[in-house]
Amino acid sequence: AAPDGQFESLCSRSGACVKVCPAQAIKIDPNGLIADGLPYIVAADQPCVVCDSLACMKSCPTGALKLVDIAAIRMGTAKVNHTTCLRHRGEDCRLCIEICPLGEAAITISEDSGQVRVKTHGCIGCGLCESRCPTYPLAIIVIPWTPPIDPIIA
């Protein structure tokens, strides 16, 4: 997506990305009450499956979504609550790692601690790990991406 500020002004809210999403992950509230009418994804309900066609990016009529390499997608970053994770109880759960489209470039098991470790610069925030987590409350959730603050402006 275009950077915050630009995305909101570029997005026409046409729903073109919603229509082409093969997972039906992208939603848009026609009343504008959710996300100010902008497209959004709720990973716990239906994550982005990072389709091979990257259909949403290709369908965007305004450039609010730009076609980028899969590794350059930044929807958010997964965060792990280690005390809720089954690995904390000694179980050998690897569901979040097995489902990750980027594999060990984004998420691994720490050799030292045995804990799930999300690689901040590898995770794209698709939410597949969150949707696959068997714990309640979830041991892994995606925190939406926010652009870095420019210290000169801030």
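Colleague: Is Cys123 buried or exposed?
Modeller: Cys123 counts as buried, because its relative accessibility is 9%; buried means under 20% relative accessible area, exposed over 50%, and partly exposed in between, with a 1.4 Å probe and protein chains only. Please keep in mind that this is a predicted model, in which local features need pLDDT of at least 70 and side-chain atom pairs count only at pLDDT 80 or more, while totals for chains, interfaces and linings use all residues. Residues are numbered from 1 along each chain as its sequence is written, and side-chain values use heavy atoms, leaving out hydrogens and water.

Colleague: And how many disulfides does the structure hold?
Modeller: There are zero disulfides (a pair of cysteine sulfur atoms within 2.5 Å) in the structure. Cys123 is in no disulfide, and the nearest cysteine sulfur belongs to Cys129.

Colleague: What about Cys129, buried or exposed?
Modeller: Cys129 is buried, since its relative accessible area is 10%.

Colleague: New topic: where is Gly63?
Modeller: Gly63 sits in the loop between α3 and β3, the latter spanning 76–80; helices (H or I, at least four residues) and strands (E, at least two) are DSSP runs numbered from the N terminus.

Colleague: Which residues does Gly63 touch?
Modeller: Leaving aside residues up to four places away in sequence, Gly63 touches Ala2 and Leu10, where contact means heavy atoms within 4.5 Å.

Colleague: And how far apart are Gly63 and Ala1?
Modeller: Their C-alpha atoms are separated by 8.3 Å, although Gly63 and Ala1 are 62 residues apart along the chain.
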